[in-house]
Amino acid sequence: MSGDDDARWRERQRHAVRAHAEAAAREREAEQAEAAELVARFAAEALRRGLPTDRLTATGHDGRGRYRTRLTGWYVDRAGSRAVDTEGRFYLLTVPPSLRSRLLGAVPRPSAPPLVVGRGGRDGESVPLATLLSRRLEAGDDRR
């Protein structure tokens, strides 16, 4: 391969990698928008049905300790690690352990909801977000 051929090949490779990354980003954004819509519809329906809310708590990243939050909403999994607040935002309820959070409460930030919860996890169990939210609505007062 001559120097010009080498340069053209490298440029084609860079272009292909860039195009692939852009397509993956567009797909991720579309999935996140669809999942956010599912979460917003869930919150609206839960409020419409009068589904009892909980004062949400978070767990430390190390798996120890529960931390109060100012969030009100619904746990959507049995472990209590995922929730939707009354404003229709999705949360992963894990926070960095700290004395400040222990005393004053933790402030978890909303997360982009996944369309498939648990995808790529070590235990191999995953569930579509729509199914998880539907189960929670069907459970009604039986909170978990």
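Predicted model: local features only at pLDDT ≥ 70, side-chain atom pairs only at ≥ 80, totals over all residues.

Me: At what angle do helix H1 and helix H3 pack?

Reply: Helix H1 (residues 3-49) and helix H3 (residues 129-139) meet at about 5 degrees, and their axes are 10 Å apart. Angles under 35 degrees count as roughly parallel, so H1 is roughly parallel to H3.

Me: Which residues make the contact?

Reply: On the H1 side they include Leu38, Phe42 and Arg49, and on the H3 side Leu133 and Leu137 are among them. Sorted by class, this contact of H1 with H3 holds nine nonpolar, no polar and four charged residues.

Me: How is a pair of aromatic rings described?

Reply: One gives the distance of the centres and the angle of the planes. Here the count is one aromatic pair. The ring centres of Phe42 and Trp74 are 5.7 Å apart and the planes stand at 90 degrees, so the pair is edge-to-face. Phe42 belongs to helix H1 and Trp74 to strand S2 (residues 66-75), so the pair ties together parts that are 32 residues apart in sequence.

Me: Are Phe42 and Trp74 buried or exposed?

Reply: Both Phe42 and Trp74 are buried.

Me: What is the relative accessible area of Arg49?

Reply: The value for Arg49 is 45%, so this residue is partly exposed. Arg49 lies in helix H1. Leaving aside residues up to four places away in sequence, Arg49 touches Leu137 and Glu138.

Key. Residues numbered from 1 in each chain as written. Heavy atoms only, no water. Axes fitted to C-alpha atoms, helices over the stretch in contact; angles between N-to-C directions. Helix = DSSP H or I, 4+ residues; strand = E, 2+ residues; numbered from the N terminus. Parallel < 35°, antiparallel > 145°, perpendicular 65-115°, else oblique. Contact = heavy atoms within 4.5 Å. Nonpolar A, V, L, I, M, F, W, Y, C, P; charged D, E, K, R; others polar. Phe/Tyr/Trp six-rings, centres within 6.5 Å; stacked < 30°, edge-to-face > 60°. Buried < 20%, exposed > 50% of the residue type's maximum accessible area, 1.4 Å probe, protein only.
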